[in-house]
Amino acid sequence: MQRGGPVEGTPAEGAVFLTALTAGPIARVDIARETGLSSAAVTRVAKLLIDEGYLEYAPDQPATSDETRMGRPSSPLRVHARQTGSFGIIVRRDELIGVVCDLAGAPRVSERRPLAENTVDAAVAAIAAFYRELVARADEAGFVVAPHDLGLSLSGDIDHDTGYVRYSPFLGWRDVDLGAAVSRAIGAPVVVENDVKALTVAEQWFGLGRGITNFAVVTIGTGIGCAIVVDGGLVRGAHSVAGEIGHLPLGDPSVQCHCGAHGCVEAEASTKALLDSCRAATGRDDLTIETAVELARSGDERVRAIFARAGRLIGLALASVANLLGPERVIVAGEGVSSYDLFETAIREAFAEQAFGAAHQVPIHVRDLPFEEWARGAAAVAIQELVFPSRQRVAADVRRRPGVRRV
């Protein structure tokens with residue numbers, strides 16, 4: 001399986017930087033223990049990254065007894081957050097959500113803008129205008145080096161290596177060279193990622209995936225998405241579509257999905273599918289998803305059965321993830337978790353029924369995350385793919401992943 005690699009630079013530099021980012025403040029001896037590098041290698045790399053401004057001492061933090069005994073500097077290390085940063089924007093059907101993050105991934109600015117028209121040209125122009133607004137806001141954040149790298153995330157079949165959007169159903173896009181178009185429009189490097197995979201990077205660095213090496217993020221709502229981390233690496237697969245559990249054929253084979261296949265989980269469990277079924281069951285064409293949720297909670301058995309059916313399909317999909325990968329935990333997020341109470345029993349029953357052996361012990365954690373956290377994931381991908389590698393632009397030209405659009 002192809003996995004998302006470490007932050008670029010030498011492998012040792014990437015390992016030390018990411019360990020300081022996700023576990024800092026942290027002592028050198030603990031970095032060596034976490035990464036498997038020798039103490040001498042950690043000391044050498046840490047000095048280089050400190051000299052370049054990417055790490056700093058954390059004198060206000062207690063030192064470990066191991067380092068004190070070994071006669072090394074007593075202050076643990078952390079990422080120098082104000083050295084620079086990145087921008088993250090998630091593109092939704094009718095809205096752009098953007099953040100400015102520092103080098104440690106902490107949001108310094110967050111903004112939302114409507115996306116009045118989601119044709120490709122209009123969206124690229126809106127993204128560029130929004131980016132320029134965020135750049136102006138970043139100037140007020142006191143960075144040592146002004147950030148300029150942008151991470152974009154959106155739903156669909158995204159070729160991460162090239163920034164090419166093969167298919168984004170909710171935007172109605174096919175075969176769009178988005179990374180190149182946005183990079184030309186803003187005059188800055190751009191990396192493009194599937195929105196669930198970007199969110200998973202944020203969960204790995206800052207959320208419930210922090211400190212564990214095998215987990216999955218499943219999102220419910222507009223679509224049914226999934227991204228997986230195995231042995232500490234985000235799994236993208238050979239074509240960047242690994243983890244698409246929304247298109248497992250677990251549903252009614254007579255129901256066609258927007259992707260063209262039949263029986264997909266998403267074809268019955270997405271927000272649109274739920275709403276269509278609830279409208280048909282009640283005869284109310286004016287029904288919204290909010291009023292459908294109210295009907296279910298007030299005891300309408302027709303509507304409750306539709307949510308339960310969706311919950312069962314999601315539970316079967318979660319069991320498939322557990323059986324295939326054996327994650328330490330599954331994190332459920334997305335706008336659909338606001339009505340998770342209507343799915344929960346059916347999800348847990350289907351999961352327990354289908355999970356094999358010890359896989360039924362995998363805990364399911366529900367996270368009601370704002371879309372700013374998804375944008376933070378896009379910014380985190382930019383840190384991983386663009387910001388840290390750019391510290392040595394000339395050497396990095398040889399090491400950069402082919403096809404990632406840069407100016």
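Which ring does the charged end of Arg376 sit over? Keep that one in mind for Exercise 3.

A note before you start: the model is predicted, so local features need pLDDT of at least 70 and side-chain atom pairs count only at pLDDT 80 or more, while totals for chains, interfaces and linings use all residues. Residues are numbered from 1 along each chain as its sequence is written, and side-chain values use heavy atoms, with hydrogens and water left out.

**Exercise 1. Work out the strand order of the open five-stranded sheet and find its edges.**

Step 1. Strands are DSSP runs of E with at least two residues, helices are runs of H or I with at least four, and both are numbered from the N terminus. Two strands pair if DSSP finds at least two bridges between them.

Step 2. Reading across gives β5-β4-β3-β6-β10, with mixed pairing.

Step 3. β5 (107-114) and β10 (190-194) each have a single partner strand, so one side of each is left without a neighbour in the sheet.

**Exercise 2. Follow β4 through its partners and say how covered it is.**

Step 1. Residues 85-91 (β3) and 95-102 (β4) run antiparallel over seven bridges. A hairpin of three residues joins the two strands; Gly85 has Asp102 as its bridge partner, and Val91 stands opposite Leu96.

Step 2. On to β5: β4 pairs with β5 in the antiparallel sense, again over seven bridges. Glu95 has Pro114 as its bridge partner. Four residues sit between these strands, and Gly105 in this hairpin takes a positive phi near 85°.

Step 3. Now the cover. Eight of the eight β4 residues are buried (buried is under 20% relative accessible area, exposed over 50%, partly exposed in between, with a 1.4 Å probe and protein chains only). Glu95, Ile97, Val99 and Cys101 are on one side, with Leu96, Gly98, Val100 and Asp102 on the other.

**Exercise 3. Classify the Phe87 and Tyr131 pair, then find the charges over rings.**

Step 1. Rings of Phe, Tyr and Trp (its six-membered ring) pair if their centres lie within 6.5 Å; planes under 30 degrees apart are stacked, over 60 edge-to-face, and the rest tilted. That gives four aromatic pairs.

Step 2. Phe87 and Tyr131 have centres 5.2 Å apart and planes at 65°, so they're edge-to-face. Phe87 is in β3 and Tyr131 in helix α5 (residues 120-138), so the pair ties together parts 44 residues apart in sequence.

Step 3. A charge counts if NZ of Lys or CZ of Arg is within 6 Å of the ring centre and within 35 degrees of the ring normal. Arg376 sits over Phe206, 3.8 Å from the ring centre, and Arg92 lies over the face of Phe371, at 3.8 Å.
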